[in-house]
Amino acid sequence: MLDLSKQDVYVFSMTEILIPFALNKNGEQVSVDEVENGLGCECICISCKSRMVAKNNGSEKQSHFAHYRAGKADLKCDITFANSVFWMSESIITTSLTNIKLLTPNLLSEYDNKTEVTSAGIRELDVKTVDFFPKNNGSSWTFVVEVIANNLRRPLAITLSFDKGDGCHGAISYKGKFLSNLVINLSELHKIWRLKKAGFRESLHYELFENPNNRRWAFHERTAKVLKQLDEQRLSGISAIRQNSHSQNTMFSAKEQASLDQLYRELERER
Ligand SMILES: [Zn+2]
């Protein structure tokens with residue numbers, strides 16, 4: 001009997017290097033399931049440029065590249081699972097011949113938990129405008145890209161993250177402005193690839209641009225504006241009740257009227 005619960009026992013550790021991507025002899029990013037097995041793949045490591053072996057042999061371990069001569073003392077190599085994924089993501093974007101469609105989630109205002117700061121939708125990314133931040137060997141990496149909507153262009157920051165929790169991502173400061181920051185969590189990639197559910201490149205594309213369940217707004221530029229609008233609406237609502245109650249003395253007791261006046265004055269002061 002197949003024991004599916006065993007699959008959950010495996011715990012992925014970032015120190016276990018199972019590298020899914022390498023460079024082929026033309027210097028292109030390739031995934032391990034796209035090349036010939038073994039040394040025949042003619043691939044080198046993205047970081048240290050030494051020869052790689054493709055281990056695509058259908059064993060229980062996830063398919064991966066390994067250094068041909070592992071453990072050489074003079075080998076300075078920074079490759080990790082995460083940064084090989086960041087490199088491949090960059091390759092997917094820069095080699096795309098057309099603008100990319102990106103799914104963005106909605107965001108509700110914290111003010112009332114129901115007013116939308118932004119609605120969910122498909123955004124068009126101009127792949128020719130991408131500005132990649134340096135990859136600093138951490139568990140996250142950010143790039144800025146222009147979103148085209150109704151002939152208008154707005155820069156948007158996208159952060160790819162392997163942080164288990166929510167991470168500490170917020171607004172991205174870029175050229176003197178704070179940009180909306182969409183965080184895409186890629187921590188499920190390892191599981192998808194280990195279970196060989198899909199090709200490496202295709203499934204990374206899906207996780208980057210289409211998966212509705214792995215993305216959230218760490219910051220949105222419209223948040224403050226929506227907050228102010230809701231605050232003004234509330235203030236004018238109270239103002240209307242107050243004026244109404246002054247003209248029709250039957251609505252409120254004197255005490256209620258006084259606290260209503262006081263609330264109004266406090267809200268006015270907060271503005
Ligand atoms: Zn290497």
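The largest pocket has 21 residues in its lining, with Arg123, Val147, Ala149, Arg154 and His220 lying nearest its centre. A pocket here is an open set of points on a 1 Å grid over the protein atoms alone, where a 1.4 Å probe fits, with protein on both sides within 12 Å along at least five of seven lines; lining residues have an atom within 4 Å of a point. Two or more lining residues come from each of β8 (116-118), β9 (121-132), β10 (140-149) and β11 (152-161), and β11 gives the largest share, 5 residues. Strands are DSSP runs of E, at least two residues, numbered from the N terminus.

All of this comes from a predicted model, where local features need pLDDT of at least 70, side-chain atom pairs count only at pLDDT 80 or more, and totals for chains, interfaces and linings use all residues. Numbering starts from 1 along each chain as its sequence is written, and side-chain values use heavy atoms, with hydrogens and water left out.

Back to the pocket: its space comes to about 460 Å³, a volume being the space filled by probe spheres set on the points, with grid points joined across faces, edges and corners. Its lining splits into 9 nonpolar, 6 polar and 6 charged residues. Arg123 sits in strand β9 and counts as partly exposed because its relative accessibility is 26%. For reference, buried means under 20% relative accessible area, exposed over 50%, and partly exposed in between (1.4 Å probe, protein chains only).

Cys45 lies in the loop between β3 (38-44) and β4 and His67 in strand β5, so the pair ties together parts 22 residues apart in sequence. Cys45 counts as buried because its relative accessibility is 0%; His67, at 17%, is therefore buried too.

Strand β5 (residues 64-67) is covered on both faces, with His64 and Ala66 buried on one side and Phe65 and His67 buried on the other. It runs antiparallel to β4 (residues 51-55), joined by 4 bridges, and His67 is the bridge partner of Met52. Strands pair if DSSP finds at least two bridges between them.

Note on methods:
Nonpolar A, V, L, I, M, F, W, Y, C, P; charged D, E, K, R; others polar.
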